[in-house]
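These are my notebook entries on one structure.

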Amino acid sequence: MKVMAFNGSPRKKWNTATLLEKALEGTSSQGAETNLIHLYDLNYKGCISCFACKTKGGESYGRCAVKDDLATVFKHIEEADAIILGSPIYLGTVSGEMRSFMERLMFQYMTYTDPPQSLFPKKIHTGFIYTMGAPEDQMKERGYAQHLGINEMLLQMIFGSSESLFCFDTYQFKDYSKVVASLFDPEKKAKRRKEIFPMDCEKAFEMGVRLAGKDIG
Ligand SMILES: Cc1cc2nc3c(=O)[nH]c(=O)nc-3n(C[C@H](O)[C@H](O)[C@H](O)COP(=O)(O)O)c2cc1C
């Protein structure tokens, strides 16, 4: 079994990356071969609206025709048994790199039909890990849940299965005393990092175990 994870944070060792690593540990505990890709290392842009993936009888029907770093990534995804996306919340949604990746990943497989259909060649498990500075109640107040729920729905439609994990109130700066950020209480942040983040890591591990579960295709 092959599992790929995609880090949509520019930081390779912080909250999102750590949770993705834990999720991958969960999958490898079930025997999976894993690969963590940092999106910020790749050269690509979002969908360019060329519609090669939608062109009747076209060479690239159901496949993104753009030849950049994502072309190889998409080939590997078609060979994977599960994928895990991870992103920090930036200005109320996923990071720009993750958004561009999602456009390219998902649009190629979606048909403009009623009902919409998936051209992804098989069914695989998918997971999405979100990390954010906001506490859980603010996520609800700001309407993130409703908006991010669409990602779960799209992933489910295209790949067959999807689940989401939210990690709130993350520890954001190496040294809170060096930044202008009076909104945050550094002690509370450190306490949460020490006490709650390890539980989030466990949840990510368990997600990995589930995603490496039995074949759904
Ligand atoms: C550009 C930028 C925008 C952000 N916007 C939000 C936001 O809208 N809501 C929120 O809850 N956190 C926001 N944050 C905080 C990050 O989502 C949070 O610190 C996240 O856990 C960072 O992930 P990382 O540690 O993996 O880089 C923002 C951070 C940055 C750098």
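Entry 1, terms. I work on a 1 Å grid over the protein atoms alone: a cavity is a set of points where a 1.4 Å probe fits but cannot get out, a pocket is an open set with protein on both sides within 12 Å along at least five of seven lines, and a lining residue has an atom within 4 Å of a point. Grid points are joined across faces, edges and corners, and a volume is the space filled by probe spheres set on the points. The model is predicted, so local features need pLDDT of at least 70 and side-chain atom pairs count only at pLDDT 80 or more, while totals for chains, interfaces and linings use all residues. Residues are numbered from 1 along each chain as its sequence is written, and side-chain values use heavy atoms, with hydrogens and water left out.

Entry 2, cavities. I found 2 cavities of 30 Å³ or more. The largest cavity holds about 120 Å³ of space. I listed 15 residues in its lining, and C47, C50, C53, C64 and F107 lie nearest its centre. I sorted residues by type: Ala, Val, Leu, Ile, Met, Phe, Trp, Tyr, Cys and Pro are nonpolar, Asp, Glu, Lys and Arg are charged, and the others, Gly among them, are polar. The lining of the largest cavity then splits into 10 nonpolar, 2 polar and 3 charged residues.

The second largest cavity holds about 40 Å³. Its lining includes C167, F168, D169 and R192. I noted that α6 and α7 (197-211) are the elements giving two or more residues to this lining. Here helices (H or I, at least four residues) and strands (E, at least two) are DSSP runs, numbered from the N terminus. The largest share, 3 residues, comes from α6. By type, the lining of the second largest cavity has 5 nonpolar, 1 polar and 5 charged residues.

I counted 29 lining residues, with M132, G133, A134, Q172 and F184 nearest the centre. Which element gives the most to this lining? I found that α6 does, with 4 residues. The types are 12 nonpolar, 9 polar and 8 charged.

The ligand takes up the space of the largest pocket; a molecule sits in a pocket if more than half of its atoms lie within 2 Å of the grid points. I found 18 residues around the ligand, the closest being S9, T16, I89, T131 and T170; to be near, a residue needs a heavy atom within 4 Å. In this shell, β3 has the largest share, 3 residues.

I then looked for polar contacts, which are pairs of N or O atoms within 3.5 Å. The side chain of S9 has an N or O atom 2.7 Å from a ligand oxygen. A polar backbone atom of L91 is 2.9 Å from a ligand nitrogen. For Y144, a polar side-chain atom lies 3.0 Å from a nitrogen of the ligand.

Most residues other than glycine have a negative phi, and most peptide bonds are trans. I noted two exceptions to look at. F51 is not a glycine, yet its phi is positive, about 65°. F51 is in the loop between β2 (33-38) and α2 (69-79). A cis peptide bond, with omega about 0°, joins D114 and P115. P115 is in the loop between α3 (96-107) and β5 (124-131).

Methods:
A polar contact is a pair of N or O atoms within 3.5 Å; within protein, one must be able to donate a hydrogen and the other to accept it, and residues adjacent in sequence count only if both atoms are side-chain atoms.
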